[in-house]
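Please view the sequence and the structure together, and then read the points below in order.

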Amino acid sequence: MHINLSNAATQQVKPAKIGFSWTVFFFGCLPPLFRGDWKWFFILLIVEAVFGLPTFGFGAGIIGIIFFILL
């Protein structure tokens, strides 16, 4: 599925996919960092650190599944 995102300032329209993000599941907070999406980079970094450190990384994977199914 796709959705069209439009920028009101530049009148630019860009298609974007909807659904589960496999790149974020496998690479954590790095895809938002490379895309320049600072807000979601810091949100994912904090959430993955809080849940991943006590479980040696396993919790970060579970959070990736839960987080992107709910969005």
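A search of the whole structure, which is a predicted model, finds 3 aromatic pairs. One of them joins Trp38 and Phe41, whose ring centres lie 6.3 Å apart with 90° between the planes. This pair is edge-to-face, because an angle over 60 degrees between the planes places a pair in that class.

**Aromatic residues**

- A pair of aromatic rings is described by two quantities, the distance of the centres and the angle of the planes.
- Trp38 and Phe41 are 3 residues apart in helix α3, so about one helical turn separates them.
- Phe41 has a relative accessibility of 11% and therefore counts as buried, the limit for that class being under 20%.
- Ring pairs also bring in Phe42, giving a cluster of Trp38, Phe41 and Phe42.

- Which residues make the nonpolar surface patch of about 620 Å²? The patch is made by Trp38, Phe42, Leu45, Ile46, Val50 and Phe51.
- The C-alpha atom of Ile43 is separated by 8.4 Å from that of Cys29, and the two residues are 14 residues apart along the chain.

**Overall architecture**

- The secondary structure of the chain comes to 4 helices and 2 strands.
- In which order do the elements run from the N terminus on? The order is β-β-α-α-α-α.
- The radius of gyration of the chain is 14 Å, whereas the globule rule gives 11 Å for 71 residues; the chain is therefore more spread out than a compact globule.
- Taken along the principal axes, the box filled by the C-alpha atoms is roughly 45 × 25 × 15 Å.

**Burial, surface and contacts**

- Of the 71 residues in the chain, 21% are buried, and Phe41 is one of the residues that count as buried.
- The chain exposes about 5,700 Å², and carbon and sulfur atoms supply 72% of this area.
- Among the contacts in the chain with a separation of 6 or more, 22% are accounted for by residues 24 or more positions apart.

**The loop between the strands**

- Gln11 is placed in the loop between β1 (2-7) and β2 (12-17).
- Is Gln11 buried or exposed? At 64% relative accessibility, Gln11 counts as exposed, since the limit for that class is over 50%.
- Gln11 has a positive phi of about 60°, although it is not a glycine.

**Helix α4**

- Ile62 has its place in helix α4, which covers residues 58-70.
- Its relative accessibility of 34% means that Ile62 counts as partly exposed.
- Ile62 and Ile18 are 44 residues apart along the chain, and their C-alpha atoms are separated by 20 Å.

Terms used. Residues numbered from 1 in each chain as written. Predicted model: local features only at pLDDT ≥ 70, side-chain atom pairs only at ≥ 80, totals over all residues. Heavy atoms only, no water. Rg over C-alpha atoms; globule rule 2.2 N^0.38 Å. Buried < 20%, exposed > 50% of the residue type's maximum accessible area, 1.4 Å probe, protein only. Contact = heavy atoms within 4.5 Å. Areas by Shrake-Rupley, 256 points an atom, 1.4 Å probe, with all protein chains shown as cover. Patch = residues over 30% accessible without salt bridge, like charges linked within 9 Å, V, L, I, M, F, W, Y side chains within 5 Å. Salt bridge = Lys/Arg side-chain N within 4 Å of Asp/Glu carboxyl O. Phe/Tyr/Trp six-rings, centres within 6.5 Å; stacked < 30°, edge-to-face > 60°.
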